[in-house]
Structure formats: C-alpha cells, structure tokens
Amino acid sequence: MSDANVRIPEEAKDRLAAIAAAEGLSLRAYLARLAETLLTPAERAERAQKALAALRDWNGYAPTAAEELDLDAELNRRLAQAAGQ
C-alpha cells in the first residue's frame, strides 16, 4: 500500500496522534483503521435502503417521506434533549 500526504492543521494532527497513541496505534495505523470503518454517503444510503427493504419484508414497515421527516425530527429532538440543549 502506498502512502499519501494529507495537509491538516497541526492541532488536528496532534489530537489524532494522541488518540492513536492512547489506543496503542501509530497515527498511520489509526487513520487506516478509521478509513476502513467509516462509510461513505453512498454506502450509508445503500445500507439504509437495504434496512428499509428488510423491515418492509419482515413486518410491512414502509413509512412515507412525510413520516420519515417526522421521525427524523423526533429523533433530533430526543438527541438534543439528551445532550441538554
């Protein structure tokens, strides 16, 4: 695997290096692991579609776009409440 240089603020690099060190990893290994575990927007959308299809097949769950917006708003409200906002 070839390496690449990425320009980020020094403070961000130092923070990531400290996080990596706390986990017993080099910054290079930590960033490689991070890249393997995060999903791209397209991957997240694909997983969401598969999850909705599985729910629909399993129990008929098929919210409308308006219902999804309402559910998202309720989730955001609860997350804000849990965060003390």
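**Helices and salt bridges, step by step**

Let's start with Glu23, which is partly exposed, with a relative accessible area of 43%. Keep in mind that this is a predicted model, so everything here is read off computed coordinates. Glu23 has a partner: Arg33 forms a salt bridge with it, and the closest N and O atoms sit 2.2 Å apart. Arg33 lies in helix 2 while Glu23 belongs to the loop between helix 1 and helix 2, so the pair ties together parts that are ten residues apart in sequence.

Helix 1 has 13 residues and reaches 18 Å from its first C-alpha to its last, close to the 18 Å expected at 1.5 Å a residue. Just after helix 1, Gly24 takes a positive phi of about 75 degrees.

How do the two helices meet? The axes of helix 1 (residues 10-22) and helix 2 (residues 27-37) come within 8 Å and cross at roughly 90 degrees. An angle between 65 and 115 degrees counts as roughly perpendicular, so helix 1 is roughly perpendicular to helix 2. On the helix 1 side, the contact is made by Lys13, Leu16, Ala17, Ile19 and Ala20, and helix 2 brings Leu27, Tyr30 and Leu31. Sort those residues by type and you get seven nonpolar, no polar and one charged.

Lys13 turns up again in a network of salt bridges that links it with Glu10 and Asp14.

Take helix 3 (residues 41-59) for one of them. Here Lys50 forms a salt bridge with Glu46, with the closest N and O atoms 3.3 Å apart. Lys50 and Glu46 are four residues apart in helix 3, so about one helical turn separates them. As for accessibility, Lys50 counts as exposed at 54%, whereas Glu46 counts as partly exposed at 40%.

Helix 4 (residues 65-82) holds a pair three residues apart, Glu74 and Arg77, again separated by about one helical turn. Their side chains meet in a salt bridge (2.7 Å, N to O). Glu74 counts as partly exposed at 28% relative accessibility, and Arg77 also counts as partly exposed, at 44%.

Note on methods: Residues are numbered from 1 along each chain as its sequence is written. This is a predicted model: local features need pLDDT of at least 70, side-chain atom pairs count only at pLDDT 80 or more; totals for chains, interfaces and linings use all residues. Side-chain values use heavy atoms; hydrogens and water are left out. Axes are lines fitted to C-alpha atoms, for helices over the stretch in contact, and angles run from 0 to 180 degrees between N-to-C directions. Angles under 35 degrees count as roughly parallel, over 145 as roughly antiparallel, 65 to 115 as roughly perpendicular and the rest as oblique. Contact means heavy atoms within 4.5 Å. Ala, Val, Leu, Ile, Met, Phe, Trp, Tyr, Cys and Pro count as nonpolar, Asp, Glu, Lys and Arg as charged, and the others, Gly among them, as polar. The expected span of a helix is 1.5 Å times one less than its number of residues. A salt bridge is a side-chain nitrogen of Lys or Arg within 4 Å of a carboxyl oxygen of Asp or Glu. Buried means under 20% relative accessible area, exposed over 50%, partly exposed in between (1.4 Å probe, protein chains only).
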